[in-house]
Amino acid sequence: MSAHILIVEDESGIRQLITFGLAEGGYQFSEARSLQSANLALNEAKPDLIILDWMLPDGNGITLLRELRQRKATAKLPIIMLTARSAEEDIIKGLDNGADDYLTKPFSVAELKARVSALLRRSNEGKPVTLTYEAITVDTDSHEVCYNGQPIELHRREYQLLTTFISQPGKVHQREQLLEKVWGEYADVGDRAVDVAIRRLRKAFEEAGYDLPLTTIRGVGYKLDKISD
């Protein structure tokens, strides 16, 4: 799904220019013409990024910026200030109050799109991911592994092996590749360590009543079977 962007801008011509560029970039968007309508939009759904004007009919964007940074749900929400206020002290004020980027009018639509893309990319880096495979779920933030909602206790090596396999089902992983990825390039262990960890991984799921479909490729390594359509 494409990112959803909230545009907080009172000038219709500027909004039209922004929406044209965002639509061209494949983004979804919603529009707000004031602080009040921006708060209403935020109460309905949290966007992935906000493009925020400074001067609005019922106040200024800095007020909204401060409020968003004080709320837990929006403290890290990417925000670009887009304003005619180009003085150095205004730029510093915008950034000091929590703006991630600051672009002055008149502006290039191509530059705005590039800044939106870069900011979204940075905000997604390191974001927690949930991996799934049949009834298995892996929370990469908490490192919690569950089967049918029941926690599965795994040691660090088995956890790393599982996430490697689930990330690429059907791919054959050579023992040497698994050693380097899980134990480290300079670890003083042999192929036998991989086999032992694989056995422990299988056993952990067997005890939960699940036969993990890890196939041994003789003389090569292992693969997690693809889920059939």
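Predicted model: local features only at pLDDT ≥ 70, side-chain atom pairs only at ≥ 80, totals over all residues.

A: Ring pairs link Tyr 147, Phe 205 and Tyr 210 into a cluster. A search of the whole structure finds two aromatic pairs. A pair of aromatic rings is described by the distance of the centres and the angle of the planes. For Phe 205 and Tyr 210 the ring centres are 6.1 Å apart and the planes stand at 75°; planes over 60 degrees apart count as edge-to-face, so this pair is edge-to-face. Phe 205 and Tyr 210 are both buried.

Phe 205 also takes part in a helix contact. Two packed helices are described by the angle between their axes and the distance between the axes. Helix H6 covers residues 156-167 and helix H8 covers residues 191-206; their axes come within 9 Å and cross at roughly 80°. An angle of 65 to 115 degrees counts as roughly perpendicular, so H6 is roughly perpendicular to H8. On the H6 side the contact is made by Glu 158, Leu 161, Leu 162 and Phe 165. On the H8 side the residues are Ala 197, Ile 198, Arg 200, Leu 201 and Phe 205. Sorted by class, the contact of H6 with H8 has seven nonpolar residues, two charged ones and no polar ones.

Another residue of helix H6 is Thr 163. Is Thr 163 buried or exposed? Its relative accessible area is 15%, under the 20% limit, so Thr 163 is buried. Apart from residues up to four places away in sequence, Thr 163 touches Leu 131 and Val 138. Strand S8 runs over 130-133 and strand S9 over 136-139, and these ranges take in the two residues that Thr 163 touches.

Tyr 133 is in strand S8. Its relative accessibility is 3%, so Tyr 133 counts as buried. Which residues does Tyr 133 touch, not counting residues up to four places away in sequence? They are Ile 166, Pro 169, Tyr 210, Pro 213, Leu 224, Asp 225, Lys 226 and Ile 227. Tyr 210 in that list is also a member of the ring cluster, and Ile 166 falls within the residue range of H6. A residue that lies elsewhere is Pro 47: Tyr 133 and Pro 47 are 86 residues apart in sequence and 29 Å apart in space, C-alpha to C-alpha.

The loop between strand S8 and strand S9 holds Glu 134. Phi of Glu 134 is near 50°, which is a positive value in a residue other than glycine. The loop between S9 and strand S10 (144-147) holds His 143. Phi of His 143 is also positive, near 65°, and this residue too is not glycine. With a relative accessibility of 47%, His 143 counts as partly exposed. Strand S10 spans 144-147, a range that includes Tyr 147 of the ring cluster.

Pro 78 and Val 145 are 67 residues apart in sequence and 30 Å apart in space, C-alpha to C-alpha. Pro 78 is found in the loop between helix H3 (61-70) and strand S6 (79-83). Its relative accessible area is 6%, so Pro 78 is buried. Leaving aside neighbours within four places in sequence, Pro 78 is in contact with Asp 48, Leu 49, Ile 50, Asp 100, Leu 119 and Ser 123.

Helix H3, on one side of that loop, contains Leu 65. Leu 65 is buried, with a relative accessible area of 0%. Leu 65 and Leu 52 are 13 residues apart in sequence and 8.4 Å apart in space, C-alpha to C-alpha. With neighbours within four places in sequence set aside, the contacts of Leu 65 are Leu 52, Ile 79, Met 81, Gly 94, Asn 97, Gly 98 and Ala 99.

Notes: Residues numbered from 1 in each chain as written. Heavy atoms only, no water. Axes fitted to C-alpha atoms, helices over the stretch in contact; angles between N-to-C directions. Helix = DSSP H or I, 4+ residues; strand = E, 2+ residues; numbered from the N terminus. Parallel < 35°, antiparallel > 145°, perpendicular 65-115°, else oblique. Contact = heavy atoms within 4.5 Å. Nonpolar A, V, L, I, M, F, W, Y, C, P; charged D, E, K, R; others polar. Phe/Tyr/Trp six-rings, centres within 6.5 Å; stacked < 30°, edge-to-face > 60°. Buried < 20%, exposed > 50% of the residue type's maximum accessible area, 1.4 Å probe, protein only.
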